[in-house]
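Biologist: I am new to this structure and would like to learn how to read its main features. Could we go through them in turn?

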Amino acid sequence: MSDVGRVARERIRLQAVVHFEAGEKNHDVAAALRVSERSVKRWRRAWRERGRAGVLSQGSPGRSRLGEAQIARLERELERGPLVHGWTDQRWTLARIKALIGRLFRASYTVEGTWRLLKRHGWSCQQPARRAIERDDDAVEGVAEGDLAAGKRTAAERGAWILFEDEAGQSMTPPRARTWGRIGRTPVVWVRGRGSGRVSMTGMTCYKPGERSRLIYAIREYWGRKDEPKGFGWRDLRDLLVRARIQLDGPIVLVQDNVRLHLTAGMKAFIEANAEWLTVFQLPTYAPDLNPQEGVWSLVKRDIGNLAAADLARITRAVKRRLKQIQYRPDVVDGCLAGTGLATYE
């Protein structure tokens with residue numbers, strides 16, 4: 001608020017005191033000063049409790065009562081998480097932060113004041129990302145200097161493509177997406193309750209400096225029939241790698257996670273037999289955020305959010321259409337790599 005606006009508000013409050021002392025009613029004071037009757041009631045209550053000084057403004061509500069050192073300490077405690085401070089779940093709510101401020105600094109904030117304090121210092125209410133408890137953060141942080149760095153050196157020496165591979169699946173139950181609805185009436189998405197099959201996907205994002213980034217994928221439907229494979233096996237991954245080599249026309253450095261499919265004896269034998277054009281590096285365990293192919297799956301599932309599919313074929317068509325769109329958008333494929341914080345060799 002500007003100084004001019006603050007002075008004008010102080011003048012109105014002083015005029016309200018004059019009306020209070022004259023014994024005028026709230027609605028008459030509100031009409032005379034052109035303010036809400038609610039504000040007049042609040043000012044009259046403060047005037048009765050503390051006199052004229054109680055009606056005057058206590059300063060800008062945006063001015064923090066915590067010093068810079070206290071703010072820094074509060075941010076450190078918030079980053080430690082709610083579990084450290086005795087709450088059973090991992091949500092920071094305004095009420096909890098308000099209570100934490102009271103514990104740490106013996107300062108009393110309202111919920112609204114807490115919200116303003118957080119917004120002023122760069123905090124916002126966000127949907128958190130999920131991380132596995134078993135994840136080794138030290139291994140994840142060192143991946144750029146460790147195995148992946150070695151993979152980039154190998155790719156640079158051989159003039160090879162770097163491929164990030166991953167699998168995903170989609171059932172008849174679509175991922176939930178945000179939608180508009182009437183306040184107080186939760187929107188409902190109607191889906192089939194019985195098991196009606198599954199679409200399995202395997203894909204590779206392909207990168208090489210000076211070349212257009214590629215997306216290579218395969219899709220398989222599972223209808224629940226007897227002896228029908230539910231997903232992809234190591235032979236399917238082998239065939240996809242051979243297809244990738246033909247399309248890319250060059251050696252490949254493959255980066256993948258540690259799922260059982262990638263560690264079978266047949267897959268290991270295939271890698272050893274084709275070492276002249278195929279080199280494989282493993283990502284740390286429980287680190288999907290390092291795989292750009294996960295970004296592709298996220299885009300696909302976001303596009304089919306709340307999809308009311310009558311049968312599995314419609315899910316398959318929607319998935320294929322979205323993957324085909326991404327194939328023609330190398331900038332999107334590049335964006336998936338940028339989202340991991342990694343980079344290919346220069």
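Biologist: In what sense do strand β1 and strand β2 pair, and over how many bridges?

Modeller: In general, strands of a sheet pair through backbone hydrogen bonds, either parallel or antiparallel. In this predicted model, β1 covers residues 161-171 and β2 covers residues 198-207; their pairing is antiparallel and runs over 10 bridges.

Biologist: Which residue in β2 is the bridge partner of Phe164?

Modeller: Thr205 is the bridge partner of Phe164.

Biologist: What is the order of the strands in the open sheet?

Modeller: The order of the five strands is β3-β2-β1-β4-β5, and the pairing is mixed. At the edges lie β3, residues 214-222, and β5, residues 278-282, each of which pairs on one side only. From one strand to the next, the twist averages 25°.

Biologist: Which strands does helix α13 touch where it packs on the sheet?

Modeller: Helix α13, residues 312-327, touches β1, β2 and β3. The direction of α13 makes about 175° with that of β3.

Biologist: How many helices and strands are in the chain?

Modeller: The chain has 14 helices and five strands.

Biologist: What share of the residues is buried?

Modeller: A residue counts as buried when its relative accessible area is under 20%. Of the 346 residues in the chain, 36% are buried. The accessible surface of the chain comes to about 21,600 Å², and carbon and sulfur atoms account for 49% of that surface.

Biologist: Among contacts between residues at least 6 apart in sequence, what share joins residues at least 24 apart?

Modeller: That share is 69% in this chain.

Note on methods:
Residues numbered from 1 in each chain as written. Predicted model: local features only at pLDDT ≥ 70, side-chain atom pairs only at ≥ 80, totals over all residues. Heavy atoms only, no water. Pairing = 2+ DSSP bridges. Helix = DSSP H or I, 4+ residues; strand = E, 2+ residues; numbered from the N terminus. Axes fitted to C-alpha atoms, helices over the stretch in contact; angles between N-to-C directions. Contact = heavy atoms within 4.5 Å. Buried < 20%, exposed > 50% of the residue type's maximum accessible area, 1.4 Å probe, protein only. Areas by Shrake-Rupley, 256 points an atom, 1.4 Å probe, with all protein chains shown as cover.
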